[in-house]
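Biologist: Hello! I would like to learn how to read a protein model, one feature at a time. Could we go through one together?

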Amino acid sequence: MLAAKVAELLNDQINKEMYSAYLYLDMADYYEDESLEGFANWYYIQAQEEMDHALLFRKYLLNNGGKVTLEAIAKPDKVYTKYEDPLHAAFEHEQYVTALINNIYAAAYEEKDFRTMQFLDWFVKEQGEEEKNAGDMIKKFDLFGHDAKALYMLDNELKARVYAAPSLVLD
């Protein structure tokens, strides 16, 4: 059985992951409006991944005697005025999510909840990848995003990204 504090944090993480999906859909919509379909594709896929993360937390809670309580999902409140704005917002958001995952991990450690720690190991690794990807997007934009032809090529590169379901399997 999960400790109350750990279960509460896991439940809250479902909401945070759903918010992340909303945030990335909002970014995808911004880029669609700007006719940058590759960037829109990138963030649409990010939204799909975040939905999957929420479902993984939900399933883990259910599989381990926790009760799922779904809360309202906040509306994204970011305003983007430049193409690079969503890139920086995404990087900051991924750092925030990493802190949330680390906080859950710390609570599980305090409770000697090794099963939850093992479950979270995948998310710790995933967050490292997410922060790197977000940082790389900023670097690429800084290198190429201010030249129209290079931006066009970068946008086309991002169109090629395809969705891949997470590799974490829960029984």
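Biologist: How many nonpolar, polar and charged residues are in the lining of the largest pocket?

Modeller: Please keep in mind that this is a predicted model. To read a lining, sort its residues by class. Here the lining of the largest pocket has seven charged, five nonpolar and four polar residues.

Biologist: What is the volume of the largest pocket, and which residues are the closest to its centre?

Modeller: The volume of this pocket is about 200 Å³. Its lining has 16 residues, and the closest to the centre are Glu49, Trp122, Glu126, Glu129 and Glu130.

Biologist: Which elements give two or more residues to that lining?

Modeller: Those elements are α2 and α4. The largest share comes from α4, with six residues.

Biologist: Next, cavities. How many cavities of 30 Å³ or more are there, and what is the volume of the largest cavity?

Modeller: A pocket is open, while a cavity is a space from which the probe cannot get out. The count here is one cavity of 30 Å³ or more, and the largest cavity has a volume of about 60 Å³.

Biologist: Which residues line the largest cavity?

Modeller: You can find Tyr24, Trp42, Tyr43, Gln46, Ala90, Glu94, Glu130, Asn133, Ala134 and Met137 around it. By class, that lining divides into six nonpolar, two polar and two charged residues.

Biologist: Which helices each supply at least two residues of the cavity lining?

Modeller: They are α2, α3 and α4. The most comes from α4, which gives four residues.

Biologist: Now for helix pairs. At what angle do the axes of α1 and α2 cross?

Modeller: For a pair of helices, look at the distance between the axes, then at the angle. Helix α1 covers residues 4-33 and helix α2 residues 37-63; their axes come within 8 Å and cross at roughly 165 degrees. That makes α1 roughly antiparallel to α2, because angles over 145 degrees count as roughly antiparallel.

Biologist: Is the crossing of α1 and α2 left-handed or right-handed, and how do the residues of their contact divide?

Modeller: The α1 and α2 crossing is left-handed. Their contact has 20 nonpolar, five polar and five charged residues.

Biologist: Let me try another pair. How do the axes of α3 and α4 cross?

Modeller: Helix α3 (residues 85-110) and helix α4 (residues 114-144) have axes that come within 9 Å and cross at roughly 165 degrees. That makes α3 roughly antiparallel to α4. The crossing of this pair is left-handed, and the contact of α3 with α4 divides into 17 nonpolar, six polar and four charged residues.

Biologist: How many residues does α3 have, and what does it reach from its first C-alpha to its last?

Modeller: One way to read a single helix is to set its span beside the expected one. With 26 residues, α3 reaches 38 Å, close to the 38 Å expected at 1.5 Å a residue. Just after α3, lysine 112 takes a positive phi of about 55 degrees.

Biologist: One pair is left for us to read. At what angle do α4 and α5 pack?

Modeller: Helix α5 covers residues 148-159; α4 and α5 pack at an angle of about 150 degrees, with their axes 9 Å apart. They are therefore roughly antiparallel to each other.

Biologist: Is the crossing of α4 and α5 left-handed or right-handed?

Modeller: In this pair, α4 passes α5 in a right-handed crossing.

How values were computed. Residues numbered from 1 in each chain as written. Predicted model: local features only at pLDDT ≥ 70, side-chain atom pairs only at ≥ 80, totals over all residues. Heavy atoms only, no water. Axes fitted to C-alpha atoms, helices over the stretch in contact; angles between N-to-C directions. Parallel < 35°, antiparallel > 145°, perpendicular 65-115°, else oblique. Left-handed = near helix turned anticlockwise from the far one by under 90°. Nonpolar A, V, L, I, M, F, W, Y, C, P; charged D, E, K, R; others polar. Expected span 1.5 Å × (residues − 1). 1 Å grid on protein atoms, 1.4 Å probe; cavity = no way out; pocket = protein on both sides within 12 Å on 5 of 7 lines; lining within 4 Å. Points joined across faces, edges and corners; volume = space filled by probe spheres on them.
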